[in-house]
Amino acid sequence: MKTFYNAHHALHQGKMEMFRGELVPCFEVPARQDHVLDVLKARGLGAIEAAPDFPERAITRVHAQRYVDFLKTAWDEWVALDPANAQRDALPSVWPVRTFRSDVVPDNFAARMGLYSYDAGSPLTSGTWVASREGACCALAAAREVQHGARSAFALSRPPGHHAGADFFGGYCFLNNAAIAAQSLRDAGVSRVAVLDIDYHHGNGTQAIFYGRGDVFFASVHGDPRTEYPFFLGHADERGEGAGAGCNLNLPLPRGTGFASWREAMSQALRAISAFGADALVVSLGVDTFAGDPISGFGLQSADYLRVGEDIAAAGLPTVFVFEGGYAVEEIGTNAVNVLDGFRQ
Ligand code: Q9C
Ligand code: ZN
């Protein structure tokens with residue numbers, strides 16, 4: 001399986017995120033990708049390449065142009081407010097919740113940070129745009145590989161993507177790489193695409209992007225949003241709307257769920273994807289389901305990830321793996337590569 005990695009990921013390096021009233025060091029760190037790349041090389045799973053460039057229109061097939069334009073210039077605007085800002089990340093602090101307008105774009109920078117985000121845990125840094133754009137290219141390259149006949153490909157990138165919506169960032173995510181990959185497959189003529197999201201957290205961005213569409217099925221196994229981030233989406237009664245009615249499947253599980261129950265939920269998701277008649281699969285591959293993850297609550301062990309890969313392979317679909325979350329940095333390489341290794345058997 002070919003891997004396309006993000007050669008510029010370390011340009012996105014957040015310092016602090018807001019947690020329980022104080023700024024704490026970011027969990028989403030560059031070492032995450034480095035460890036996965038190290039294990040990939042050691043295991044010899046296939047060619048490893050930096051991603052080629054793709055035109056911006058592949059990104060704006062999923063994301064609003066005004067949001068992409070904001071991301072491009074946000075850091076310069078932030079530093080222009082105060083040269084000392086170059087030493088600190090930009091975090092939003094005000095949001096247009098219910099009854100506010102989002103059609104009028106404010107001039108004020110802090111207001112636009114809030115318009116285009118939903119949490120204070122996703123610092124925007126000097127390299128966020130370049131790293132995120134390169135991440136989208138990894139996803140596009142992996143999708144193209146599969147579209148050209150490969151059984152699978154892996155987009156290894158950070159920051160992750162599945163919390164980012166068409167016009168907002170959050171949950172450490174800025175561009176929705178899985179959605180960009182799925183859309184590119186559709187644009188290349190693949191009739192029915194499924195996204196299987198196995199990150200611990202619900203993929204609210206991906207769900208929202210495809211919620212009204214019948215050509216992209218979204219299935220997710222995740223921590224129950226009643227208690228787990230992102231809290232405001234991911235319930236079982238969200239089934240899609242309009243042309244997309246019946247094309248969204250959420251399988252929330254309680255904090256503390258172990259591998260046996262989790263695996264049963266994933267096979268339910270895979271059965272639904274098969275019933276949908278998917279021609280290709282995009283997997284949002286988060287490994288924050290690991291028992292040792294510092295911010296999550298499932299109980300998967302490292303060896304379980306081999307079974308995860310085997311189960312996904314049994315679906316028999318051309319598969320694009322897109323890297324998402326996972327914060328147990330020491331084990332992240334073993335866990336992620338185990339999925340790919342299990343898929344290969
Ligand atoms: N201090 C992904 O896994 N905040 N995003 C958790 C911990 C947000 C996770 C609070 C977690 C987002 C891609
Ligand atoms: Zn996650």
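In this predicted model, V193 stands opposite V216 of strand β7. The two residues belong to a pairing between strand β6, residues 193–197, and β7, which run in the parallel sense and are joined over five bridges. Strand β7 covers residues 216–223 and is mostly covered, with eight of its eight residues buried.

Eight strands form an open sheet, and their order across it is β4-β1-β5-β10-β9-β6-β7-β8, with parallel pairing. The edges are taken by β4 (48–50) and β8 (248–253); each has a single partner strand, so one side of each is left without a neighbour in the sheet. On average, and with direction ignored, neighbouring strands of this sheet are turned by 15 degrees against each other. Strands of a sheet pair through backbone hydrogen bonds, in either a parallel or an antiparallel manner.

Elsewhere in the order, strand β1 (residues 2–5) pairs with strand β5 (residues 152–156), in the parallel sense and over four bridges. Within this pair, T3 stands opposite F154 in β5.

Helix α1 spans residues 31–43 and helix α10 spans residues 329–344; their axes come within 8 Å and cross at roughly 50 degrees. An angle of 65 to 115 degrees would count as roughly perpendicular and one under 35 degrees as roughly parallel, so α1 is oblique to α10. The crossing of the two helices is right-handed. On the α1 side, the residues that meet α10 are A31, R32, H35, V36, D38, V39, L40 and R43. Their counterparts in α10 are V329, I332, G333, T334, A336, V337 and D341. By class, this contact has eight nonpolar, three polar and four charged residues.

D293 lies in the loop between β9 (280–285) and α9 (304–314). Is D293 buried or exposed? A residue is buried if 20 or more other C-beta atoms lie within 10 Å of its own; D293 has 23 within that distance, and is therefore buried. Leaving aside neighbours within four places in sequence, D293 is in contact with Y200, D288, G326, Y327 and A328. As for D215, this residue is 78 residues from D293 along the chain, and the C-alpha atoms of the two are separated by 34 Å.

Technical notes:
Residues numbered from 1 in each chain as written. Chains lettered and ligands numbered in written order. Predicted model: local features only at pLDDT ≥ 70, side-chain atom pairs only at ≥ 80, totals over all residues. Axes fitted to C-alpha atoms, helices over the stretch in contact; angles between N-to-C directions. Parallel < 35°, antiparallel > 145°, perpendicular 65-115°, else oblique. Left-handed = near helix turned anticlockwise from the far one by under 90°. Contact = placed C-beta atoms within 7 Å. Nonpolar A, V, L, I, M, F, W, Y, C, P; charged D, E, K, R; others polar. Buried ≥ 20, exposed ≤ 12 C-beta atoms within 10 Å, placed from the backbone. Pairing = 2+ DSSP bridges.
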